[in-house]
Amino acid sequence: MLRAMRIAYHMMSTPVGLLFLARTPKGLRHLEFMDRRSLKRMIASHAEQHPEATWEPSLLDLKPYVEQLDAYFNGGLVEFDLKLDLAGSEFQLKVWEALGAIPYGETRTYGQIAKRIRQPRATRAVGLANNQNPVVIVVPCHRVIGADGSLTGYGGGLPRKKWLLEHERTHSTRLATQGDLFAGTAREGSRRSPR
């Protein structure tokens, strides 16, 4: 007899609101904005997708995810290193993988993502897959913008998208400046003649 899949969940507070995190034994399955929904309603919204699952609250199981998200929101982490367990169609998985390749502090258009997955005419389908991303922030759907540079739609709302992009732009500039400072110091040190 098959055992029911265990899904550990946790809720965390962030500068962009409460986040709901849920992971299977394979990795993070859901990372969503709660938007005034209760934990009970968040879990119920996934009941059909996981009919046999046992849901258990556990910060311990989600600690690495919470720590990396905290570091991201504090401006100290630019690339997540977390196990994911994304469930979607082959097309959605390709789109989400392409989103993960967008560098911190940068943006891409829906058309660029469509070209990246070798389906240049699938711009609308890319937009739909982007909207159905089950792991916000870690799979950075907020980094996708309209062809004209506009922010366009975002499942978490445009104010959040704007905040996330400005946060990344600010910290990528700061990190680049720090890198230049340290690179300059290293160059000066290497130019000094030994005494």
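Predicted model: local features only at pLDDT ≥ 70, side-chain atom pairs only at ≥ 80, totals over all residues.

Colleague: What makes Asp61 and Arg6 a salt bridge?

Modeller: The N to O distance between the two side chains is 2.6 Å. The cut-off is within 4 Å, for a side-chain nitrogen of Lys or Arg and a carboxyl oxygen of Asp or Glu. The pair of Asp61 and Arg6 therefore counts as a salt bridge.

Colleague: Why can this pair be said to tie together separate parts of the chain?

Modeller: Asp61 is in helix 2 (residues 59-73) and Arg6 is in strand 1 (residues 6-14), so the pair links parts 55 residues apart in sequence.

Colleague: Why are Asp61 and Arg6 called partly exposed?

Modeller: Buried means under 20% relative accessible area and exposed means over 50%, with partly exposed in between. Asp61 has 26% and Arg6 has 32%, so both get the label partly exposed.

Colleague: How many salt bridges does the structure hold, and which residues does the network of shared partners join?

Modeller: There are 8 salt bridges in the structure. One of them is between Arg143 and Glu168, where the closest N and O atoms are 2.8 Å apart. Arg143 sits in the loop between helix 5 and strand 6 (144-145) and Glu168 in helix 6 (residues 158-191), so this pair ties together parts 25 residues apart in sequence. As for the network, salt bridges with shared partners join Arg6, Glu56 and Asp61.

Colleague: Are Arg143 and Glu168 buried or exposed, and how do you know?

Modeller: Arg143 has a relative accessible area of 5%, and Glu168 has 0%. Buried means under 20%, so both residues are buried.

Colleague: What about Glu106 and Arg108?

Modeller: They form a salt bridge too, with 3.0 Å between the closest N and O atoms. Glu106 is at 35% relative accessible area and Arg108 at 25%, so each is partly exposed.

Colleague: Why is the pair of Tyr72 and Phe73 called edge-to-face?

Modeller: The ring centres of Tyr72 and Phe73 are 5.2 Å apart and the planes are at 80 degrees. Rings pair if their centres lie within 6.5 Å, and planes over 60 degrees apart count as edge-to-face. The values for Tyr72 and Phe73 meet both conditions, so the pair is edge-to-face. Both residues are buried.

Colleague: How do you know that Tyr72 and Tyr104 are an aromatic pair of this kind?

Modeller: Their rings are 6.2 Å centre to centre, with 85 degrees between the planes. The limits are within 6.5 Å and over 60 degrees, so this pair is edge-to-face as well. Tyr72 lies in helix 2 and Tyr104 in the loop between helix 3 (90-100) and strand 5 (108-109), so the pair ties together parts that are 32 residues apart in sequence.

Colleague: What makes Tyr72 and Tyr104 buried?

Modeller: Tyr72 is at 0% relative accessibility and Tyr104 at 11%. The cut-off is under 20%, so both count as buried.

Colleague: How many aromatic pairs are there, and which residues form the cluster?

Modeller: A search of the whole structure gives 8 aromatic pairs. The cluster is formed by Tyr72, Phe73, Phe80, Tyr104 and Trp163.

Colleague: What lines the largest pocket?

Modeller: The largest pocket holds about 410 Å³ of space. It has 24 lining residues, and the closest to its centre are Asn131, Gln132, Asn133, Val136 and Gly155. Strand 3 gives the most to the lining, with 5 residues. By class, the lining has 9 nonpolar, 11 polar and 4 charged residues.

Colleague: Why is Asn133 called buried?

Modeller: Asn133 has 7% relative accessibility, and the label buried applies under 20%, so Asn133 is buried. Asn133 lies in the loop between helix 5 and strand 6. Leaving aside neighbours within four places in sequence, Asn133 is in contact with Trp96, Val139 and Cys141.

Colleague: What is the lining of the second largest pocket by class?

Modeller: That lining has 13 nonpolar, 1 polar and 2 charged residues. The volume of the second largest pocket is about 270 Å³. Of its 16 lining residues, the closest to its centre are Glu79, Phe80, Gly100, Val138 and Pro140.

Notes
Residues numbered from 1 in each chain as written. Heavy atoms only, no water. 1 Å grid on protein atoms, 1.4 Å probe; cavity = no way out; pocket = protein on both sides within 12 Å on 5 of 7 lines; lining within 4 Å. Points joined across faces, edges and corners; volume = space filled by probe spheres on them. Helix = DSSP H or I, 4+ residues; strand = E, 2+ residues; numbered from the N terminus. Nonpolar A, V, L, I, M, F, W, Y, C, P; charged D, E, K, R; others polar. Buried < 20%, exposed > 50% of the residue type's maximum accessible area, 1.4 Å probe, protein only. Contact = heavy atoms within 4.5 Å. Phe/Tyr/Trp six-rings, centres within 6.5 Å; stacked < 30°, edge-to-face > 60°.
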